[in-house]
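Me: I've got a structure loaded and want to talk through its pockets and a few strands. Can you take my questions one at a time?

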Amino acid sequence: MAKAPVLTPRADDFPRWYQDLIAKAELADNGPVRGTMVIRPYGYGIWERMQQEMDARIKETGTQNAYFPLLIPQSYLTREAEHVEGFAPELAVVTHGGGKELEEPAVVRPTSEMIINDYFSKWIQSYRDLPLLINQWANVVRWELRPRLFLRTSEFLWQEGHTAHATYEEARDFAAHIHREVYEDFMVNVLAMDVVPGRKTVKERFAGAINTLTLEGMMGDGKALQMATSHELGQNFAKAFTTQYLSKEGKQELVWQTSWGSTTRMIGALVMMHGDDNGLRVPPRLAHIQAVVLAIKGDDAVLAKVREIGDRLKAAGVRVHVDDRTDVPFGRRAVDWELKGVPVRIEVGPRDLENGTAMLARRIPGGKEAVAIDSLVGLLPTVLEEDQALLLRQSRERRESRTTEVSTIGEAVEAAGAGGWARIPWAVLGEKGEAELAEHAASVRCLVAEDGSVPDSYDAPGNVAVVARAY
């Protein structure tokens, strides 16, 4: 009788496979309130690495971290009409505190444009105060009707950047810089994800923005996932909060603003883009455990050697974990690390010690080979970089092979329904066609120029719409 697979095969039921993997790789559990989640230590370790990589890139732009309150007076949200309309269905509102009804209800932040602008209007007095570049790492609440761990939860973790500038051009260029040098660079070079950078249509823009830049990734089932966004807010919020500065010419001017964010949704993307039927595959540059050294048996000499290997690899800069839990069967431990997607396993037993070798198991391409223990320190950096490049190449090949050039709305709908993406001239599709796509559960993920770059404007000649079904 065939042994049942550890995970539901992706080809049989992709959503079930996704849920199985998150549970069995110990990434997260459902929280006690519908739509919330508990991020387990292994999953949180991945998020911490994402934070570290992103935070370094954000700070290179001159942005500083700060923190703003979770609770926002409800009246703040009424100051920018499009913004409140966009978020109204998702709001969680606190009406009582300390056993009494509040004089004014407080909204649990769905995003912080409103409260941050209230303080920007106090902090900004002169052109000398600009640009003001602020980021915060926080949680937000957006009440989800159809939650799914990491992808759509009522509470999630994120970073949100908010900036104020003296001119439209400065704000526009800063939003584009974040989009390209922070988000795209991180996703391509750390997450090994071949993402498509583009411009959102008017319908898909962030509520209250004059332009939204996005990065879209193709998941293993061909659906799209919005990975991160960077918004030009124009002067909409500055007008609502009278956020202005005294210019060099002595005139009161409204600031121009941006906001931008990325979330724990990226962990869900990691699962769906790189995972396979054996579990997660974590890109080596991201992995908080790049290599695990396993003792096959509880032999004193074996235990001493795995600890020595661990120390040598750590000293060489490899993020390593020594698994010497020999009271747990080796096979079970090997499967657990496979599920968690640790890039490299180094397995050592008594016979390996006799031969001066260890078994090197590579999670990303698969396969095992015996290698000299003394060669591990020199070999691993090369192996990890090879596997990082392989994941990115596989991601790109998937997107390219499942993207179709089409010339009609019907062909775009067909391509999206078949588990792929379509590229169609925006001049052919237009807003009328965009509405028609929605009737078939498809959408314009972004607009790109003919050469694949980010277009200068929403209606630039030659714009191409990338169409897909999306999470």
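**Pockets and strands**

Helix H3 (81-87) and the strands S8 (155-165), S11 (224-234), S14 (256-263) and S22 (443-448) each give at least two residues to the lining of the largest pocket. Keep in mind that this is a predicted model.

Me: What volume does the largest pocket have?
Reply: Its lining takes in 48 residues. Among those lying nearest the centre of the largest pocket are Glu90 and Arg265. As for the space itself, the volume is about 1,600 Å³.

Me: By class, how many residues in the lining of the largest pocket are charged?
Reply: Glu144 and Arg152 are among the residues nearest the centre of this pocket, and Asp, Glu, Lys and Arg are what count as charged. The lining also has 19 nonpolar and 13 polar residues. The charged count is 16.

Me: Which element supplies the largest share of the lining of the second largest pocket?
Reply: This pocket holds about 300 Å³ of space and is lined by 14 residues, with Ala176, Arg199, Leu213, Val454 and Pro455 nearest its centre. Helix H5 (168-189) and strand S10 (211-218) each supply at least two lining residues. The largest share is six residues, and it comes from H5.

Me: And by class, how many polar residues does the lining of the second largest pocket have?
Reply: Nonpolar residues number six here, and charged ones also come to six. That leaves the polar class, with a count of two.

Me: Is S22 mostly covered or mostly exposed?
Reply: S22 is one of the elements that supply at least two residues to the lining of the largest pocket. Buried means under 20% relative accessible area. Six of the six residues in S22 are buried, so by that cut-off the strand is mostly covered.

Me: In S23, which residue is the bridge partner of Leu447?
Reply: S22 and strand S23 (residues 464-468) run antiparallel and are joined by five bridges. Within that pairing, the partner of Leu447 is Ala465.

Me: Which are the edge strands of the open sheet of three strands?
Reply: The order in this sheet is S4-S6-S5, with antiparallel pairing. An edge strand here pairs on one side only. That gives S4 (71-73) and S5 (92-97).

Me: Which residue in S6 is the bridge partner of Ala92?
Reply: S5 and S6 (residues 100-108) pair in the antiparallel sense over five bridges. For Ala92, the partner in S6 is Val108.

Notes. Residues are numbered from 1 along each chain as its sequence is written. This is a predicted model: local features need pLDDT of at least 70, side-chain atom pairs count only at pLDDT 80 or more; totals for chains, interfaces and linings use all residues. Side-chain values use heavy atoms; hydrogens and water are left out. Two strands pair if DSSP finds at least two bridges between them. Helices (H or I, at least four residues) and strands (E, at least two) are DSSP runs, numbered from the N terminus. On a 1 Å grid over the protein atoms alone, a cavity is a set of points where a 1.4 Å probe fits but cannot get out, and a pocket is an open set with protein on both sides within 12 Å along at least five of seven lines; lining residues have an atom within 4 Å of a point. Grid points are joined across faces, edges and corners, and a volume is the space filled by probe spheres set on the points. Buried means under 20% relative accessible area, exposed over 50%, partly exposed in between (1.4 Å probe, protein chains only).
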